[in-house]
Amino acid sequence: MKGKALPKQFLIKNGDIIDPVKGERFIGSVLINSGRIEKVGKRISANGATVYDAGGKVVTHGFCDVHVHFREPGREDKETLATGAEAAIAGGFTQVCAMPNTEPPLDSPESIRFIVEKAADLPVKIHPIGAISVGQQGKELTELGAMAQEGAVAFSDDGIPVMDSGVMRRVLEYAGPLGMPVINHAEDLTLKLDGQMHEGSWSTRLGLSGIPDVSESIMVNRDLELASMTGGRLHVPHVSSAKSVEWIRGAKAGGLDITAEVTPHHLFFTDEDLHSFDTNYKVAPPIRTENDRQVLMTAVKDGTIDCIATDHAPHTVEEKEAPFDWAPCGMIGLESAFGAVWKVLSELGMNLEEVIHCFTINPRLVMDFEEDLFSAGTEAELTILDPDEEWIFAKEHIHSKSRNTPFSGESLKGRIKATITGGKFFKL
Ligand SMILES: [Zn+2]
């Protein structure tokens, strides 16, 4: 994907501007000067500026995804930082946080520096998340402080749960004073066993071994208890079950300062979709029931769940074509994220401003990133989208190096038309 370098003065006019920080929406313009925001307002004139007419389109902050897997180093056949950045741009994302379950994992200050340096010239900001434990083995803590100094923005062993409660306690204790979120992939392995999909009537019917919803909620509850005890900053990733939502809602009501995310696929699909035995639906944690899906959507609406995160997880065709029991977990998600989420949440009655919050300001608040992207002098990171366009997602919309997604053929609502990031304009 080739972007065009932004002209010195670039005026986006007639846009339906949504400012998630000020909570404003108006028809207006954005003036960019030398790649930085100069002004956002109702009437802006700029003689000599190159003009882009955004009539009929929404102009808002660039999206931020706190949970992607870009596979570099080690599995560059699935995704690289560069191809992952292209997938992000196609989805309207200008900042992403990359999980450390690479080969080898990002479990040292040097490995964090590798990602920061390698991503420096890419048009998307890629923030590495450091591993919690050495080798993601769940035993010995990594050098958290040194990794933070090199640019790690959070700690996680994602892909693998921290089974040892003592390790989880200590990482929350150490990361808390650093101001860093701790993200635990909540699936109790002693309950998950070799489960392939959500445990329920569909797993029985399909003859696939099940993963009970409590395998997640037990660990979410444990982590909330440990966050309460230690004062650490817990962020709960890819919440999949109604029971976990209940625990998170209760903890927030009790004043605990924690955050949570949900994926587009847990909001869009149900376990019934697995009747096709398409391994692209195989994810961890698994896609659950229609009731879970409804509870997750309500949790986004009422703020129990803070943000959308894709858990973009590329795998090769060969791996995903394996029999269901052997295929790896995960699907790509950046390119289809907004169209999938806006479709289901608009049907639920959420408005566009609320949904854009979950893609822009809320994930940045989770990570403590600068969230006011419209303030003068900020490097331009904008997403331009058509919220009304209905379209069928297809392979040709994929920019990731991998193609593993069950969204192919699905009707989505809302489409990214352009992304401005890294000093470039990407027309989609
Ligand atoms: Zn995970």
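A residue is called buried when its relative accessible area is under 20%, exposed when it is over 50%, and partly exposed in between, with a 1.4 Å probe and protein chains only. The structure is a predicted model, in which local features need pLDDT of at least 70 and side-chain atom pairs count only at pLDDT 80 or more, while totals for chains, interfaces and linings use all residues. Residues are numbered from 1 along each chain as its sequence is written, and side-chain values use heavy atoms, with hydrogens and water left out.

**Overall form**

The protein holds 14 helices and 19 strands, both being DSSP runs numbered from the N terminus (helices H or I with at least four residues, strands E with at least two). Its radius of gyration is 21 Å, close to the 22 Å that the globule rule gives for 428 residues, so the protein is as compact as a globular protein of that length; the radius is taken over C-alpha atoms, and the rule is 2.2 Å times the number of residues to the power 0.38. The C-alpha trace spans about 65 × 45 × 45 Å along the principal axes. Of the 428 residues, 60% are buried. Among contacts (heavy atoms within 4.5 Å) with a separation of 6 or more, 75% are accounted for by residues 24 or more positions apart.

**Salt bridges**

Side chains of opposite charge can pair when their charged atoms come close. A search of the whole structure finds 19 salt bridges, each defined as a side-chain nitrogen of Lys or Arg within 4 Å of a carboxyl oxygen of Asp or Glu.

Lys252 counts as partly exposed at 23% relative accessibility, whereas Asp306, at 16%, is buried.

Finally, Arg75, Asp77, Lys78 and Glu319 are linked in a network of salt bridges.
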